[in-house]
Amino acid sequence: MAMGLLRLVAIALALVLVSILPLHVSLASEIASIESVPDLQKLMYVAVDGYPCVRLLNLSGEIGCSNPGISKVVASIIKLEDVKDLVQPHTILVTADEMEDFFTRVSSDLSFASKIGGVLVQSGSNFQQKLKGFSPDKKFPQAQFSPYENVEYKWNSAASSIMWKNYNFPVYLLSESGISAVQEILSKKKMKHGTYTSDVAEFNMVMETTKAGTHNSEACLQEGTCLPLGGYSVWSSLPPISVSSSNNRKPVVLTVASMDSASFFRDKSFGADSPISGLVALLGAVDALSRVDGLSNLKKQLVFLVLTGETWGYLGSRRFLHELDLHSDAVAGLSDTSIETVLEIGSVGKGLSGGINTFFAHKTRVSSVTNMTLDALKIAQDSLASKNIKILSADTANPGIPPSSLMAFMRKNPQTSAVVLEDFDTKFVNKFYHSHLDDLSNINSSSVVAAASVVARTLYILASDNKDTSNSALGSIHVNASFIEELLTCLLACEPGLSCNLVKDYISPTNTCPGNYAGVILGEPSSKPYLGYVGDVSRFLWNFLADKTSVQKGNTTSVCSKGVCSKTDEVCIKAESNKEGTCVVSTTRYVPAYSTRLKYNDGAWTILPQNSSDSMGMVDPVWTESNWDTIKVHVYTVQHAAYDNAVLVAGITVTTLAYIGILAAKSIITKALKQD
């Protein structure tokens, strides 16, 4: 009997050892490398790099993504192609070409949506060739701000609108290293077959608005669980404007571009074609014009305006126009009546086709001033005959101007004479509009150089009022192609990104990888903000424009300490990159960009009542972003609960049998000793 019990104990022990042996063997080589507790944690819990989809709010509700509660989400990983009938929530691994169909199904199938614990998105440059198009925005972006009635027009044919929906689960775009980490853990699945384990993703993407139950902008601003979207726009004049003298003010030719974009994922909003190509073209034109002599003798004043927050209700342009109405310090030297014409540079990165760079001029209305701008564009084109550049008027069948900052100008003043230059005619040629795939590989640098060349000469023609193509000054205006290419890599790539020499010559960037998402506005809005609250790109633009439009380049300059100059018409540039900056004469200013429906008072934001005289404010969603502490994603392997229970039962059984065996053995030994 004792031998039988001992045999049972041995069999039970063997079963337990066999059940855990495969896991032990598979990890043997990795365990051998462990030297500390952090090494063990790193082995068990792999941190995954990537870009989150976050919770955004407006006056009527929420969009974006968040953990559904106040705790982490842990769910087994499964590829979308392997999904059949889910019984419990899973982490779905989705590829970029599956995103549109997947999120469309989530919005229409609540039963399916309830089984989604989280989403990991796998993307890459190879999907740009694979996809015919992917835009998570709407067919007519921001149609509520349109100055015309036909808001059903489809400017964006690749639109899916999935970024404007509310998802009650975390969504995370994997970086290249993140993809490798997830693939590595999934590749071990076959090795772990039979060990009763699952590969899980752990999402720490808890939003403060979810924790507090504040589900719209008004509620979250009251409770302090969110901040308004916005930032700082920048404007500069060439040459500087004498603010102290209001006499003999010249008519203003205002050139506009945008610096912010959007996508499904907060920090992956490069916006290469839309709108950064236009921004780079503007900066290239400024650089070229800064080398022209005699700018102070021009008949008109050149002013450059780079806006932020345009993706979220034209925050930058609306606030700029509002500041003009208030005659605030942010726009000192300018007035709305002095602006004669506006030239906006939109998407210009995809103009190259068949060896010719073609751009389309979309006008706000028919007027002598608008015709003057169109004529200047044609003259600039002719002066660049060897560059194979073509400027065409947009199709008259279009309902009006495409989605652009000019919509805010038109809604403010329908008599605005303006033109927006684009690389498309009747609909976007950018198939990745407001998508994470609208990156550097989606545009052609020669197209941006061509646009900058046309814009630089057009502005000179408008400001000089000289239409002579043989003008030697006009022929001397040349855009630096190398500068354009360097700037594109600074603003649209993570390597070198904002650590490039061009940017570091002006500022000390806080981030290397440019996101180009508008972000939130911190602290009290001011024309002289605390620079810690101003984004890298805005600070770079301010310094760059102040330098290029200054009148003291090459002359004796004074050193400024702590960013302060002694003269009122001077500004301090390069104070971040050098221990001591340089004072130059320049009219360059920050303009806060945030909703005209918001007011900052005593450290808090409040929403102002609707004003019927502000037609754009009447339809303003008032966008905010939820606060959040940290966003982290880990992947690791766990054993099934059923298997843990089986091991527990086996352990109890072994212990019980061992105890019985010990008692039996003790009894047998006792009897044997008595017999002796």
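Visitor: How many residues does helix 7 have, and what does it reach from its first C-alpha to its last?

Guide: In this predicted model, helix 7 covers residues 176-187, which is 12 residues. From first C-alpha to last it reaches 16 Å, close to the 16 Å expected at 1.5 Å a residue.

Visitor: Which residues of helix 7 are buried?

Guide: First the general idea. An α-helix has 3.6 residues a turn, so residues three or four places apart point the same way. In this structure the buried residues of helix 7 are Gly178, Ile179, Ala181, Val182, Ile185 and Leu186. They cover an arc of only 160 degrees around the axis, so they sit on the same side of helix 7. Glu176 and Ser187 are exposed, on the face turned away from that buried side.

Visitor: Which residues touch the most other members of the largest nonpolar core?

Guide: Again the general idea comes first. In soluble globular proteins, nonpolar side chains tend to be buried together. Here the largest nonpolar core has 91 residues, and those touching the most other members are Leu279, Leu289, Leu302, Phe540 and Leu541. Helix 14, residues 445-464, gives this core its largest share, 13 residues. A second, separate core holds 61 residues, among them Val119, Tyr167, Val182 and Leu437. Val182 is also one of the buried residues of helix 7.

Visitor: What is leucine 279 in contact with, leaving aside its neighbours within four places in sequence?

Guide: Its partners are Ala257, Ser258, Met259, Val306, Leu491 and Leu541. For the chain as a whole, take contacts between residues at least 6 apart in sequence: 80% of them join residues at least 24 apart.

Visitor: Where is the cis peptide bond at proline 239, and where does proline 239 lie?

Guide: The bond joins leucine 238 and proline 239, with omega about -5 degrees. Proline 239 is in the loop between strand 12 (231-238) and strand 13 (252-258). Another cis bond runs from serine 274 to proline 275, with omega near 10 degrees. Proline 275 belongs to helix 10, residues 272-289.

Visitor: Is asparagine 516 buried or exposed?

Guide: Asparagine 516 has a relative accessible area of 7%, under the 20% cut-off, so it counts as buried. Although not a glycine, asparagine 516 has a positive phi of about 65 degrees. Its place is the loop between helix 17 (501-504) and helix 18 (536-548). Aspartate 465, also not a glycine, has a positive phi of about 60 degrees. Aspartate 465 lies in the loop between helix 14 and helix 15 (472-475), and at 41% relative accessibility it is partly exposed.

Methods: Residues are numbered from 1 along each chain as its sequence is written. This is a predicted model: local features need pLDDT of at least 70, side-chain atom pairs count only at pLDDT 80 or more; totals for chains, interfaces and linings use all residues. Side-chain values use heavy atoms; hydrogens and water are left out. Contact means heavy atoms within 4.5 Å. Helices (H or I, at least four residues) and strands (E, at least two) are DSSP runs, numbered from the N terminus. The expected span of a helix is 1.5 Å times one less than its number of residues. Buried means under 20% relative accessible area, exposed over 50%, partly exposed in between (1.4 Å probe, protein chains only). The arc is that of the directions from the helix axis to the C-beta atoms. A nonpolar core is a set of buried Ala, Val, Leu, Ile, Met, Phe, Trp, Tyr and Cys residues joined through side-chain atoms within 4.5 Å.
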